[in-house]
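Here is a report on charges, pairs and backbone angles in a protein chain. Keep the structure open as you read.

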Amino acid sequence: MRKKLVTMLLMAAVMVFAISGCGSSSDSETSGTDGETDSTQTATSTNDAVAEFETCAKAGEYRDAIDLYTSEIEGSTSAESEVVSFLEDWMVEIAENICDADGVISSDYKDEMYTLLKINDSLALIDTDDLLLLQSGIEDYNEGDYESAVVSLNDIADDDIDTDAVETFKTAVSEKYVESVVQKAWAYIDAGEYTSAVDLLNAMQYTDDTVEEIMTEAMTARFEEAMEAETDFATIKGLYEAALDNRYIEVSADMTEVYAAAETSYREGVIASVDDYVDSFAFGSALTLLDEALTVLENDDQLLACKTETEEAQEYYLLHTTVVDLTELTPYDESYISTAGADDKDTDAFGNVYETNIHGDWSDGGYATYRLDGIYVEFTGTVYSRIDKSRTVSIYGDGVLLYEATLTKTDDPVPFSVDITGVRDLKIVFDGQKIYIGNPTLTPDGNGSME
């Protein structure tokens with residue numbers, strides 16, 4: 001019995017050895033194909049993950065899609081590329097089917113856009129800026145903010161996203177936008193708030209014939225209101241020019257005619273006021289008014305001519321009303337004459353101080369002739385000498401001797417007053433050096449009016 005048991009154990013051991021030896025041989029034979037099998041299995045697994053990713057994405061299960069990408073796709077260059085291509089194609093598909101022919105948004109594709117953006121927010125695989133603009137435009141449109149919707153949609157730059165469907169949606173949004181603005185503009189006009197209506201329409205992102213009609217009516221009403229209220233001409237001119245410069249406004253012949261009449265009235269009013277100022281010798285006020293008017297009607301021929309005439313009248317007035325020191329004038333003919341201004345005060349032998357003076361500058365004398373043109377009526381001054389010899393000063397008016405004085409330095413200074421009414425040329429002659437006229441003064445006729 002014991003012998004039989006031993007025999008059975010030995011047979012079992014042989015069988016185990018035989019089995020062990022087969023397995024070893026089999027492992028050796030298949031070891032060369034293990035890598036290929038693993039690679040095939042990995043590729044198959046990755047492809048399945050990409051397919052499942054697409055399925056999850058299309059089903060709106062963006063969390064599952066994201067998990068699949070990060071756990072099974074990320075790291076495989078080919079698989080990542082397939083996902084990027086899928087997302088880009090899907091984004092274009094959404095844009096191509098976002099609305100129907102009437103511009104009504106497809107809820108299915110709107111949901112798909114939401115899912116795509118959620119996935120890309122997490123993975124950042126493609127550029128979705130234009131898709132975000134489309135989404136923003138849709139949201140603004142649904143909220144009734146048509147202006148913001150127009151702005152967002154117009155900012156879409158990618159031609160692949162700016163599909164026919166998106167263009168259809170843009171048109172629908174623009175029509176809604178114009179409709180809303182038009183209603184508001186009419187409300188402003190009905191309330192008499194023409195400025196608000198014009199400003200609103202000027203700020204529009206989109207226009208059509210209806211807007212042009214409203215803009216024209218609003219600006220025309222605003223212009224007429226300003227005319228009736230006798231608004232200052234500068235404002236009226238601004239309104240008229242704004243209408244001319246606005247491509248949406250058709251300026252009527254009546255408006256042009258009314259403006260021309262207003263311009264003429266303004267110009268004539270300015271000139272009449274200037275004439276009144278000039279008649280009262282208020283030249284400063286007259287010129288200020290003209291300068292202001294020329295900022296409104298730039299380079300206006302009539303106003304410029306009026307300014308020239310006013311300046312001439314002012315110059316005439318000053319000449320005929322302003323007392324002048326002879327040393328301030330320039331002689332048109334002279335010989336060996338010197339003058340001293342206020343900076344060179346002079347004192348005679350008796351201690352009298354003279355602010356200015358004129359004197360001969362040569363031993364044989366000198367002279368000076370001034371053109372007065374009959375403006376002055378009196379010539380005054382004081383003759384004094386600085387030399388022991390007798391010296392003579394002679395004053396001529398148009399060749400006629402009007403005054404003469406001879407003295408030495410010991411003689412008292414001689415004040416004089418000479419009537420020079422109507423004198424055109426005044427000539428002063430010194431017969432030698434060191435004979436002076438101190439404070440030589442010309443008094444005008446005082447007739448400041450050119451008439």
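## An exposed glutamate and its patch

Glutamate 315 counts as exposed because its relative accessibility is 52%. The cut-offs are simple: buried means under 20% relative accessible area, exposed means over 50%, and partly exposed lies in between (1.4 Å probe, protein chains only). Areas come from the Shrake-Rupley method with a 1.4 Å probe, and for residues only the protein chains shown count as cover. This is a predicted model, in which local features need pLDDT of at least 70 and side-chain atom pairs count only at pLDDT 80 or more, while totals for chains, interfaces and linings use all residues. Residues are numbered from 1 along each chain as its sequence is written, and side-chain values use heavy atoms, with hydrogens and water left out.

Glutamate 315 lies in helix H14. Helices (H or I, at least four residues) and strands (E, at least two) are DSSP runs, numbered from the N terminus. Glu315 belongs to a negative surface patch, together with Asp275, Asp276, Asp279, Glu309, Glu311, Glu312 and Glu451. Patch residues have over 30% relative accessible area and no salt bridge, and like charges are joined within 9 Å. Asp and Glu count as negative, Lys and Arg as positive; His and the chain ends are not counted. Each charge is placed at NZ of Lys, CZ of Arg, CG of Asp or CD of Glu. Helix H12 (253-279) and helix H14 (301-321) each supply at least two patch residues. H14 gives the largest share, four residues.

## Salt bridges

Side chains of opposite charge can pair when their charged atoms come close. How many salt bridges are there? The count comes to 12, where a salt bridge is a side-chain nitrogen of Lys or Arg within 4 Å of a carboxyl oxygen of Asp or Glu. Glutamate 263 pairs with arginine 267, with the closest N and O atoms 2.8 Å apart. Both lie in helix H12, four residues apart, about one turn of the helix. Arginine 267 is buried, because its relative accessible area is 8%.

Lysine 345 pairs with glutamate 355, with the closest N and O atoms 3.6 Å apart. This pair links distant parts of the chain, 10 residues apart: lysine 345 is in the loop between strand E3 (337-340) and strand E4 (346-347), and glutamate 355 is in the loop between strand E5 (353-354) and strand E6 (357-360). Glutamate 355 has 38% relative accessibility, so it counts as partly exposed.

## A buried charge without a partner

Aspartate 140 is found in helix H6 (residues 129-142). Aspartate 140 is buried yet has no salt bridge. Which side chain of opposite charge is nearest? It is lysine 110, 12 Å away. Leaving aside neighbours within four places in sequence, aspartate 140 is in contact with Asp145, Ser148, Ala149 and Ser152. Contact means heavy atoms within 4.5 Å.

## Two positive phi angles

Most residues other than glycine have a negative phi. Alanine 124 has a positive phi, near 50°. Alanine 124 sits in the loop between helix H5 (107-123) and H6. With a relative accessible area of 61%, alanine 124 is exposed.

Tyrosine 336 also has a positive phi, of about 50°. Tyrosine 336 is in the loop between strand E2 (333-335) and E3. At 45% relative accessibility, tyrosine 336 is partly exposed.

## The whole chain

The chain has 14 helices and 13 strands. Of its 451 residues, 37% count as buried.

How values were computed:
Patches are made of residues with over 30% relative accessible area and no salt bridge: like charges are joined within 9 Å, nonpolar side chains (Val, Leu, Ile, Met, Phe, Trp, Tyr) within 5 Å.
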